[in-house]
2 protein chains.
Amino acid sequence: MRIALLGGTGDIGEGLALRWAYHTDHEVIVGSRDPDKAREKADEYETELSSRGRDVKVNGFTNEMAADRASVVVLAVPPYHVSDTVAAVSESLSEGDVLVTPAAGMNRDDDGFHYHPPKAGSVTALVADAAPDDVPVVGAFHNLAAGRLADLDADLGIDTLLVADDGDAKETVRLLAEGIDGLRALDGGGLANAPEIEGITPLLINVARNNDGLHDLGIQFR
Amino acid sequence: MRIALLGGTGDIGEGLALRWAYHTDHEVIVGSRDPDKAREKADEYETELSSRGRDVKVNGFTNEMAADRASVVVLAVPPYHVSDTVAAVSESLSEGDVLVTPAAGMNRDDDGFHYHPPKAGSVTALVADAAPDDVPVVGAFHNLAAGRLADLDADLGIDTLLVADDGDAKETVRLLAEGIDGLRALDGGGLANAPEIEGITPLLINVARNNDGLHDLGIQFR
């Protein structure tokens with residue numbers, strides 16, 4: 001399967017790109033607004049993978065071209081770029097493609113980080129509102145520490161929750177998620193259940209800030 | 001230490017009462033609006049503990065009398081009873097007592113359960129607003145499955161997050177939490193960080209509903 005990581009030059013994009021390219025046979029495509037930056041990061045990922053004996057091709061393109069080539073398109077962009085990015089690539093999405101959103105809206109005050117969803121109710125809902133009608137949206141990979149994901153020596157042993165209203169799309173993403181060693185995909189229900197999942201992202205930061213020895217946290221349901 | 005569980009006849013109260021009485025030497029007092037019901041449940045807990053070779057006294061009183069006798073007072077009542085219960089016992093609380101709130105506001109629609117905080121921003125904030133000024137509030141024990149907690153054969157292996165603006169009160173509750181085998185207490189920061197923690201409670205229900213084989217869930221940060 002071809003997976004495009006829009007904003008795949010950023011830290012969560014890097015983590016997912018490396019994990020999929022390392023642990024699975026899926027073809028990873030890095031997207032960016034700047035195609036030179038996309039190619040440069042794609043080369044970096046290839047070098048990292050090659051140093052671990054994994055010789056695979058990672059291509060870099062504009063977000064539009066990346067989305068055009070892939071059947072699963074991951075919006076690895078900050079929440080405030082989600083709407084623009086979906087608008088930019090919507091002509092490049094075809095019926096049957098799946099759009100995946102891992103972003104969570106946060107703000108910060110003296111106490112720590114707080115969940116700050118957009119007016120749509122969640123970033124996931126914002127993506128669903130912006131997506132073409134024939135392209136199902138799956139919320140996933142919200143609660144993964146980017147640095148740990150990008151460190152292929154780091155064990156995961158954590159869960160990711162999937163929300164979607166389209167069962168087939170959710171199953172596609174579940175298989176992609178489970179392809180990553182140490183990551184368990186759990187069904188979080190429909191898109192309406194996204195806010196509580198996105199809200200864990202700031203919580204993970206708060207817990208790491210307040211507890212010595214904990215960092216790059218994920219969660220496991222047990 | 002004497003711990004009063006207001007609403008200690010309910011399921012989360014039962015779980016905490018049994019765990020503290022079983023795993024620690026703290027004295028557990030069951031509170032209820034109905035003192036007969038409190039005594040009846042306290043007797044039940046004694047019988048359960050005795051059947052496991054743990055012969056301890058568990059007393060049952062009105063919420064007011066339970067709060068009066070204890071230095072740590074846990075509001076094990078539903079979120080819509082929190083304000084009334086704090087008002088009812090506030091004359092019974094003394095300077096230096098600690099008020100603990102495990103409740104989370106939820107509602108439910110076709111997709112599942114959703115976090116539905118009171119206007120104060122969280123149930124924890126509601127308790128802090130209602131509590132006497134000299135009684136610090138600690139949010140804790142939000143994300144524990146009551147049935148699993150009350151089953152002394154069940155291993156926990158899960159975390160609870162503590163939020164408080166008063167460091168001494170938080171430390172008191174941390175020690176109480178860590179006294180329960182298999183429960184790790186983590187610092188979630190100040191009271192303002194409560195919403196994301198309370199929001200995990202509906203999420204745990206959604207995850208259990210949507211995934212075969214998972215039930216009575218807790219979380220572990222890792």
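This is a predicted model: local features need pLDDT of at least 70, side-chain atom pairs count only at pLDDT 80 or more; totals for chains, interfaces and linings use all residues.
The contact between the chains draws 37 residues from chain A and 37 residues from chain B. Together the two chains bury about 2,700 Å², of which 56% is on carbon and sulfur atoms. Within the area that chain A buries against chain B, E196(A), L203(A) and R222(A) supply 26%, more than any other three residues. Polar contacts are also present, and the count between chain A and chain B is 17 residue pairs, with both residues at pLDDT 80 or more.

Several elements of chain A each supply at least two residues of the side that touches chain B, namely the strands β7 (112–115), β9 (158–164), β10 (183–189) and β11 (219–221), together with the helices α8 (194–198) and α9 (200–210). The largest share of this side, seven residues, comes from α9(A). By residue class, the side of chain A that touches chain B divides into 16 nonpolar, 13 polar and eight charged residues.

Strand pairing also crosses from one chain to the other, as β11(A) and β11 of chain B (residues 219–221) pair in the antiparallel sense over three bridges. In this pairing Q220(A) stands opposite Q220(B) in β11(B).

The arrangement of the copies was examined by superposition. Chain A can be laid on chain B with an RMSD of 0.0 Å by a turn of 180° and a shift of 0.0 Å along the axis, and the two copies are therefore related as by a two-fold rotation axis. In chain A, the C-alpha nearest this axis is that of Q220(A), at 2.6 Å from it; Q220(A) is also the residue that stands opposite Q220(B). Of the interface residues of chain A, 100% are also interface residues in chain B, so the copies meet through the same surface.

Notes:
Residues are numbered from 1 along each chain as its sequence is written. Chains are lettered from A and ligands numbered from 1 in the order in which they are written. Side-chain values use heavy atoms; hydrogens and water are left out. Contact means heavy atoms within 4.5 Å. Buried area is the accessible area (1.4 Å probe) that two parts lose on being put together, summed over both. A polar contact is a pair of N or O atoms within 3.5 Å; within protein, one must be able to donate a hydrogen and the other to accept it, and residues adjacent in sequence count only if both atoms are side-chain atoms. Helices (H or I, at least four residues) and strands (E, at least two) are DSSP runs, numbered from the N terminus. Ala, Val, Leu, Ile, Met, Phe, Trp, Tyr, Cys and Pro count as nonpolar, Asp, Glu, Lys and Arg as charged, and the others, Gly among them, as polar. Two strands pair if DSSP finds at least two bridges between them. Copies are superposed by least squares on the C-alpha atoms of residues with pLDDT of at least 70 in both.
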